[in-house]
Amino acid sequence: MKSVDARPYPYPFDPRHTAAVVIDMQRDFLEPGGFGAALGNDVSRLAAIVPAVGQLLHLCRTHQIALVHTREAHLPDLSDCPKSKRARGHLSPGIGDRGPLGRILVDGEPGSEIVPELAPLPGEYVLRKPGKGAFYGTELMAWLAARQITHLLVAGVTTEVCVQSTMREANDRGFDCLLLEDATQSYFAEFKEATLAMVRAQGGIVGWTATVSELRRALEAA
Ligand code: C5J
């Protein structure tokens, strides 16, 4: 067993029953011309966490912790995209429309790919998801159960949308989740801080938070 010096109190975990879930580190959210930019956001805020997420990937690969990379992307015919999602915000270009990175949030388009610095290695699980939470409409629960995973290390973007949705879905399914503070980001600084506070409030009602360095110290401790 290992223990991270986390907030609101130490997070015990067994690396053999732990997976890291890296949420939506895609060009559509991190690069100009994608979905995040279409929403009017400064995408450079998100690109700034690429090194920390890279360190997390390296740690997991070194310590044989299972990895899940998620991508928010719809089928090309948009049959898995609710009309309400497509209509929200009256965006132009919006989901399914062609932009500088190809059709926005559509599987197979350049924008839907994970940024090259964080590219999954052959054999790692890459999960396409149609929703904000990674459990909705996916095989994630079955994949984790088959590997007897009980603990999740969660990172990626955006903190208050897909990351928080996934953590809440996981928490309700009985997983103990640790959110990596410096390996997650929002377009809005205050939303990130509020999410970290919500997760660890009331005795860790959704989970724990810690930095990638704190996780490293736990993994390297004898
Ligand atoms: C959003 C996400 N923000 N990955 N998606 O629409 O958080």
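The questions and answers below concern this predicted model.

Me: How far apart are the end C-alpha atoms of helix α8, and what span should the helix have?
Reply: Helix α8 covers residues 189–204, which makes 16 residues. At 1.5 Å a residue, the helix should span 22 Å.

Me: Which elements do the buried residues of α8 pack against?
Reply: A residue counts as buried when its relative accessible area is under 20%. In α8 the buried residues are K192, T195, L196, V199 and G204. These buried residues pack against α7 (159–172), β9 (176–185) and β10 (208–210).

Me: Is Q202 buried or exposed?
Reply: Q202 lies in helix α8. Although Q202 is not a glycine, its phi is positive, at about 55 degrees. The relative accessible area of Q202 is 69%, and the cut-off for an exposed residue is over 50%. Q202 is therefore exposed.

Me: Is L105 buried or exposed?
Reply: L105 is found in the loop between β6 and β7. L105 is not a glycine, yet it has a positive phi of about 55 degrees. Because its relative accessible area is 0%, L105 is buried.

Me: What separates the C-alpha atoms of S112 and E72?
Reply: S112 belongs to the loop between β6 (102–103) and β7 (125–129), and with 0% relative accessibility it counts as buried. Leaving aside residues up to four places away in sequence, S112 touches Q26, D28, R71, A73, V106 and D107. S112 and E72 are 40 residues apart along the chain, and the separation of their C-alpha atoms is 7.3 Å.

Me: How much of the area that the ligand exposes when taken alone does the protein bury?
Reply: The residues that surround the ligand are D24, F29, F35, E72, K132, V157, T158, V161 and C162. A polar side-chain atom of E72 lies 3.0 Å from a nitrogen atom of the ligand, while one of K132 lies 2.7 Å from an oxygen atom of the ligand. C162 places a backbone N or O atom 3.1 Å from an oxygen atom of the ligand. Taken alone the ligand exposes 230 Å², and the part of this that the protein buries is 93%.

Me: Where does T158 lie, and what kind of peptide bond joins V157 and T158?
Reply: V157 and T158 are both among the residues that surround the ligand. T158 has its place in the loop between β8 (151–157) and α7. Omega for the bond that joins V157 and T158 is about -15 degrees, and the peptide bond is cis.

Me: Where does P93 lie?
Reply: The peptide bond leading from S92 to P93 is cis, with omega near 5 degrees. As for its place in the chain, P93 lies in the loop between α5 (83–87) and β5 (98–99).

Me: How many disulfides does the count come to?
Reply: A disulfide requires two cysteine sulfur atoms within 2.5 Å. C81 is buried, with a relative accessible area of 10%, and its sulfur is 13 Å from the closest cysteine sulfur, in C162, which is too far for a bond. C177, buried at 0% relative accessibility, has its closest cysteine sulfur in C60, and that distance of 14 Å is also too far for a bond. By this rule, the number of disulfides is zero.

Definitions and conventions: Residues numbered from 1 in each chain as written. Predicted model: local features only at pLDDT ≥ 70, side-chain atom pairs only at ≥ 80, totals over all residues. Heavy atoms only, no water. Helix = DSSP H or I, 4+ residues; strand = E, 2+ residues; numbered from the N terminus. Expected span 1.5 Å × (residues − 1). Buried < 20%, exposed > 50% of the residue type's maximum accessible area, 1.4 Å probe, protein only. Contact = heavy atoms within 4.5 Å. Near = heavy atom within 4 Å. Polar contact = N/O pair within 3.5 Å; in protein donor to acceptor, adjacent residues only side chain to side chain. Areas by Shrake-Rupley, 256 points an atom, 1.4 Å probe, with all protein chains shown as cover.
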